[in-house]
Every structure is written in C-alpha cells, then in structure tokens.
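This briefing sets out the sheet, the helices packed on it and the charged side-chain pairs. Please read it alongside the sequence and the structure shown here.

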Amino acid sequence: MIQQIYPSPPHAYRYELHKDLHFAAAHYIPHESAGSCQLVHGHTYFADLTIAGDELDPAGFLVNFSTLKRLVHDRLDHTLLNDHELFGEQPGERMPTTEVVARAVCELVQAHLDTLPNRPRCLQVYLRETPSSYVIYRPGRECS
C-alpha cells in the first residue's frame with residue numbers, strides 16, 4: 001500500500017476512520033472520447049475510505065476494518081467492472097470511469113453503514129487508478 005496522507009473533508013464527528021485497500025480489476029469505457037481506454041485494460045486500484053461518526057458499536061468499532069475490506073476488495077478484486085451490477089454501459093453515470101467507481105464504492109459502503117445502529121457515514125472515497133491519476137468522491141448532503 002502506498003503510504004500517504006489523504007485530504008480529509010471537514011466535519012464535526014468525534015471519530016474519523018480511514019481504511020486503505022486495493023483491488024485489481026479490468027474495465028473499458030465504451031465511449032469514443034475514451035481513446036485507447038475503449039479497449040479492455042486493467043488497473044491495481046488503491047483506495048482510502050473515510051468513515052466518520054459519533055458513536056461506536058458494542059465492540060468499540062466505528063465499523064470493523066475487515067467488513068470494509070469484504071465490501072470493497074472481496075467484491076471488486078479480479079473482476080471486469082463492466083460486468084458488475086454496480087456499473088453499466090449507458091453514457092455517463094454508470095460507465096466504470098474512476099469517478100464512477102469511486103462513487104459506487106461510496107454508495108456500496110454507505111448502504112452497509114446505514115444498517116448499523118451507530119449510523120457512521122462514508123465521507124470520502126479516494127481512489128487512485130494509476131500512479132499519476134486519482135479521484136476523490138465526497139457524497140452530497142443528500143447522501144450523508
């Protein structure tokens with residue numbers, strides 16, 4: 001894992017948790033403006049999830065780190081993202097660009113967090129696709 005300091009969104013929560021993880025996945029962007037990225041190719045994605053909240057669960061966790069790994073790594077690792085139910089080939093909103101993958105990871109994590117009694121929030125997904133390219137996704141107020 002790349003040792004790095006990630007930007008953090010401002011918030012008033014008492015706890016802020018970061019989970020670094022990676023997953024290897026292939027994708028293609030079926031749009032003429034994607035150039036060579038229209039062809040199937042792969043990346044080792046590096047992600048940092050920022051989770052925040054005020055209350056811990058009975059075990060003393062905001063959320064268990066292993067749960068976050070299971071939700072993201074175990075679900076996306078060694079897959080073709082275009083075949084995944086989180087993505088699609090419709091222009092824009094669901095094609096597995098780095099931006100859309102970051103948003104989908106946030107939505108996936110938040111859907112699980114919404115089931116927890118302590119109600120933590122996914123404030124940010126930092127997703128690095130290559131050594132020189134990354135996206136930061138922060139959900140709007142309607143999601144937090």
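In this predicted model, five strands form an open sheet in the order S3-S1-S2-S4-S5, with mixed pairing. S3 and strand S5 (133-137) stand at the edges with a single partner strand each, so one side of each is left without a neighbour in the sheet. Helices (H or I, at least four residues) and strands (E, at least two) are DSSP runs numbered from the N terminus, and two strands pair if DSSP finds at least two bridges between them. Residues are numbered from 1 along each chain as its sequence is written. Local features need pLDDT of at least 70 and side-chain atom pairs count only at pLDDT 80 or more, while totals for chains, interfaces and linings use all residues; side-chain values use heavy atoms, with hydrogens and water left out.

**Strand pairing**

- Strands of a sheet pair through backbone hydrogen bonds, either parallel or antiparallel.
- S1 and S2 run antiparallel and are joined by 13 bridges; within this pairing, Leu17 stands opposite Ile51 in S2.
- S2 also runs antiparallel to strand S4 (residues 121-130), through seven bridges, and Thr50 stands opposite Gln124 in S4.
- The pairing of S1 with S3 is parallel, over two bridges, and Ala25 has Thr79 in S3 as its bridge partner.

**Helices on the sheet**

- H1 packs on the sheet and touches S1, S2 and S3, its direction making about 15 degrees with that of S1. Contact means heavy atoms within 4.5 Å; axes are lines fitted to C-alpha atoms, for helices over the stretch in contact, and angles run from 0 to 180 degrees between N-to-C directions.
- H2 likewise packs on the sheet, where it touches S1, S2, S4 and S5, and its direction makes about 145 degrees with that of S4.
- Helix H1 (residues 65-76) has twelve residues and spans 17 Å from first to last C-alpha, close to the expected 16 Å; the expected span is 1.5 Å times one less than the number of residues.
- Thr67, Leu68, Leu71, Val72, His73 and Leu76 are the buried residues of H1, where buried means under 20% relative accessible area, exposed over 50% and partly exposed in between (1.4 Å probe, protein chains only).
- The cover over these buried residues includes strand S1 (15-27), strand S2 (41-53), strand S3 (79-80) and helix H2 (98-113).
- Just after H1, His78 adopts a positive phi of about 55 degrees.

**Salt bridges**

- The count comes to four salt bridges, each being a side-chain nitrogen of Lys or Arg within 4 Å of a carboxyl oxygen of Asp or Glu.
- Arg75 and Glu85 meet in a salt bridge at 2.4 Å, N to O. Arg75 lies in helix H1 and Glu85 in the loop between S3 and H2, ten residues apart. Arg75 is partly exposed at 32% relative accessible area, whereas Glu85 is exposed at 57%.
- Arg94 and Glu107 form a salt bridge at 3.8 Å, N to O. Arg94 lies in the loop between S3 and H2 and Glu107 in helix H2, so the pair ties together parts that are 13 residues apart in sequence. Arg94 is partly exposed at 27%, as is Glu107 at 36%.
- Arg94, Arg103 and Glu107 are linked in a network of salt bridges.
- Arg121, found in strand S4, forms a salt bridge with Asp114 at 2.9 Å, N to O. Arg121 is buried at 11% relative accessible area, while Asp114 is partly exposed at 31%.
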